[in-house]
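Here are some notes for a colleague who is opening this structure for the first time. Please read them with the model in view.

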Amino acid sequence: MSVFRSSLNYLAGQLRQIGLFIALIAIVIFFQVATNGITLKPINVTNLIVQNSYILILAVGMVMVIIAGHIDLSVGSVVAFVGAMSGVMITQWNVPWWLAIILCLGVGALVGMWQGFWIAYFGIPAFIVTLAGMLTFRGLTQIALQNKQISPFPDEFRALGSGFLPDLGGGTTAVEPLTLGIGIIATLFLVLQGIRQRRARAKYDVEDEPFAWFLTKLVFTAAMIIGITYLLASYRGTPIVLIVLGILIVVYASVMSNSVFGRHIYAIGGNLNAAALSGIKTKRVTFMLFVNMGVISALAGLVFTAQLNLANPKAGDGFELDAIAAVFIGGAAVTGGIGTVTGAIIGGFIIGLLNNGMSILGVGTEYQQLIKGLVLLGAVAFDVYNKRRSGGR
């Protein structure tokens, strides 16, 4: 009985993460039934990943910014600006596509340096600086494109947003073998990593997660990865952008959980003054945080432009809102100091599923906006409730 009670107490303390997984499963099941099985068809799962990839990429950077207690309202405009610069470089200046990608990532870093300087070293709130950046880079986008669209792009560049890894089966197999192999390797890596982390926590006597829950969580996550892998392998295989996104998730999740830089971000978001007094170079961390956000925004801009095969002055409209919503739905605290990269990705998938499912059902855009707004409000309200229940303010 004591083991059962301790397990319940632990799960109650993890209500935020558990609720996020339950919400994701419930939304998938609802739309799978409501759309008569369209939601989990291989082609729709592939489209869901590809069409939401740039929002998920932005969410990876945005969650770090929000954990540190800041916000970035400029990412949609930066996406448009970098897309415009890639169009100008490739189609007008005849820059090789691979060099244009490198230069555009450099442009994103410069954007991050510009905004990070005013926030970190000049002391202007991030809300104001990035609001100014939203207007500034939208204007620069229109200037660079002269209010015109640029198209087309080389096939190699377009592959970044809409290409797939080679089909090793030559189109003769029921499932694409390379994708299946990647999925199996990813699953084994996840299982081994989970076991290693649990052993490390147990070694230092900080393990409080019940074994039954650990096993359930590990089996569920592995089954989900294998299921998605099978669906992707049943269509065209692995989208290139999914590989890019997977690398980002692994790298940044590791940075936030295992590196000094990640711990400093959490410390700054938890209590800025205490972090400064403890010796953390808060200005430098904040500056680097926005440089990173600039590079991430540039990558999202390249993916979005490659996917559409078009540089558009209106590209990126509302992207900042979707990225911020993904982070808060994914469990980040509005006051900073709390959040995970994995949670932000799950939040992004929840938004993507809502958009995809409601579009299949023919729900009007006005009702889609209403429902997404209520979901965001509910997620933040749930966060506030959890804090009050645990004695926080």
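**Helix packing and burial**

1. The crossing of helices α11 and α14 is left-handed, a term used when the near helix is turned anticlockwise from the far one by less than a right angle. The model is predicted, with local features needing pLDDT of at least 70 and side-chain atom pairs counting only at pLDDT 80 or more, while totals for chains, interfaces and linings use all residues. Residues are numbered from 1 along each chain as its sequence is written, and side-chain values use heavy atoms, with hydrogens and water left out.

2. Helix α11 (residues 240–258) and helix α14 (residues 282–308) pack at an angle of about 165°, with their axes 12 Å apart. The two helices are therefore roughly antiparallel to each other, the word used for angles over 145 degrees.

3. In this pairing, Val241, Val244, Leu248 and Tyr252 of α11 meet Asn292, Ile296, Leu299 and Val303 of α14, where contact means heavy atoms within 4.5 Å. By class, the contact of α11 with α14 has 7 nonpolar, 1 polar and no charged residues.

4. In helix α8 (residues 155–162), the buried residues are Phe157, Leu160 and Gly161, buried being under 20% relative accessible area. Seen down the axis of α8, these buried residues fall within an arc of 85°, so they line one face of the helix. They pack against α3 (42–51), α5 (75–92), α6 (97–121), α11 and α14.

5. Thr342 has its place in helix α16 (residues 341–360). Thr342 and Trp97 lie 245 residues apart in sequence and 31 Å apart in space, C-alpha to C-alpha.

Notes
Axes fitted to C-alpha atoms, helices over the stretch in contact; angles between N-to-C directions. Helix = DSSP H or I, 4+ residues; strand = E, 2+ residues; numbered from the N terminus. Parallel < 35°, antiparallel > 145°, perpendicular 65-115°, else oblique. Nonpolar A, V, L, I, M, F, W, Y, C, P; charged D, E, K, R; others polar. Buried < 20%, exposed > 50% of the residue type's maximum accessible area, 1.4 Å probe, protein only. Arc of directions from axis to C-beta.
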